[in-house]
Amino acid sequence: MADEVLSLRALNRALLARQQLLDRPELPAGDAGRRRAMVIRTIEQLVGLQAQAPFPPYYGLWSRLGGFRPDDLAPLLTERSVVRIALMRGTIHLVSARDCLPLRRVLQPVLDRGLRGSFGKQLAGVDADAVAAAGRALVEAEPMTFSQLGQALAARWPDHPAGALAQAVRALVPLVQVPPRAVWGRAGQSRHTSAEHWLGQPAGRDPGSPSAPDADLAGLVTRYLGAFGPATARDVTAWSGLAGLGPVLEQLRPSLVTFSDEQGAELFDLPAAPRPGADVPAPVRLAAEFDNLLLSHADRSRMVSAENLKRFYTINGIFPGSVLIDGFVAGMWRLARHKKAATLSIELFGGPRERDQLTREAERLLAFCAPGAAHDIRFAPVA
């Protein structure tokens with residue numbers, strides 16, 4: 001029997017449902033412990049939030065959790081319940097402490113490949129194990145910026161660039177960025193120590209928690225499908241950076257269901273994962289800068305057209321926030337903060353649409369991020 005064909009809108013609604021962007025769960029009022037537990041569950045459901053800039057994860061959680069406040073996340077960083085570490089595609093992600101080392105181990109080939117491609121020639125002849133051990137000792141003695149780390153390593157390996165030596169440690173040792181970096185309302189340099197040291201776990205060993213995710217490819221693919229499916233093998237590769245995942249999906253096939261998209265590509269999914277109908281209403285949403293919602297499929301048409309996606313890569317290397325109307329990307333947004341004012345600019349791609357809903361969502365965003373400032377909402381090009 002031929003696989004059921006899922007339309008573009010059906011794939012869009014499935015993705016939105018798993019990303020908590022159809023029905024936004026409400027955080028319980030007045031119970032900090034339950035609120036923070038729900039935030040961690042959301043981060044784990046999403047398999048992390050892209051965090052190459054310090055604060056997009058706050059906006060990513062705000063868009064997905066009703067009543068979310070900055071102090072629902074900031075203490076989790078200082079209490080070491082969540083961390084920022086290089087993972088999928090070699091980019092920084094915010095993940096739970098429980099996910100940190102298992103995910104890093106299974107994604108280590110992505111970091112290894114990136115190191116060879118970018119710094120292989122500069123590191124020719126270097127004993128990688130020795131650099132990793134020296135770097136680990138340095139950052140565990142005191143968290144360091146990459147500049148500080150590179151300079152310290154260059155004293156021992158003077159014939160190699162300091163920057164390349166620091167990047168070797170980034171790839172070979174699971175480094176986390178330590179607070180106050182990414183703590184709301186505070187500023188701080190990107191200083192690093194090892195994940196094992198920060199989390200109090202022995203180097204090279206599993207966390208040991210029975211609830212820790214499986215550190216294997218099958219477990220990673222399954223979690224991806226739960227957050228981003230239905231999907232092809234190419235989609236999983238685009239999200240993770242790992243190649244050769246076809247055999248993993250074949251191994252999982254007996255436990256999965258399959259569909260086809262409108263172009264005939266085979267889609268894999270978890271049997272019990274939500275797949276709402278194509279006609280389920282999708283409310284207006286403002287998704288965060290660099291949100292994985294737009295970056296986690298080889299074919300991104302389930303969220304944004306190829307023409308509109310190009311607009312996101314033309315603004316000084318910054319991937320702006322996206323405006324979702326009827327579930328699809330219909331514009332961009334950018335926030336400008338001043339001492340006593342905050343301006344939210346919204347650029348729509350197809351002319352005026354859903355202005356009232358957009359204005360309400362924009363007001364909600366400004367109340368979240370600038371509660372004591374004067375607010376200004378502008379429908380104008382994002383500069």
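Which residue in S7 is the bridge partner of Glu4? The legends below begin with that pairing.

The model is a predicted one, in which local features need pLDDT of at least 70 and side-chain atom pairs count only at pLDDT 80 or more, while totals for chains, interfaces and linings use all residues. Residues are numbered from 1 along each chain as its sequence is written, and side-chain values use heavy atoms, with hydrogens and water left out.

**View 1. The open sheet of strands S1, S7 and S8.** Three strands make up this open sheet in the order S1-S7-S8, with mixed pairing; strands (E, at least two residues) and helices (H or I, at least four residues) are DSSP runs numbered from the N terminus, and two strands pair if DSSP finds at least two bridges between them. Strand S1 (4-5) and strand S8 (266-269) are the edge strands, each pairing on one side only. Between S1 and strand S7 (residues 257-260) the pairing is parallel and runs over two bridges, and the bridge partner of Glu4 in S7 is Phe259.

View 2. Not counting residues up to four places away in sequence, Arg13 touches several residues, among them Leu22, Pro276, Asp326 and Phe328, where contact means heavy atoms within 4.5 Å. The side chains of Arg13 and Asn12 are joined by a polar contact of 2.6 Å, and a polar atom of the Arg13 side chain lies 2.7 Å from the backbone oxygen of Val280. A polar contact is a pair of N or O atoms within 3.5 Å; within protein, one must be able to donate a hydrogen and the other to accept it, and residues adjacent in sequence count only if both atoms are side-chain atoms.

**View 3. The loop residue Thr232.** Thr232 is placed in the loop between H10 and helix H11 (233-240), and at 13% relative accessibility Thr232 counts as buried. Leaving aside neighbours within four places in sequence, Thr232 is in contact with Leu249, Ala265, Glu266 and Leu267. Strand S8 (266-269), an edge strand of the sheet in the opening view, can be located again here.

Methods. Buried < 20%, exposed > 50% of the residue type's maximum accessible area, 1.4 Å probe, protein only.
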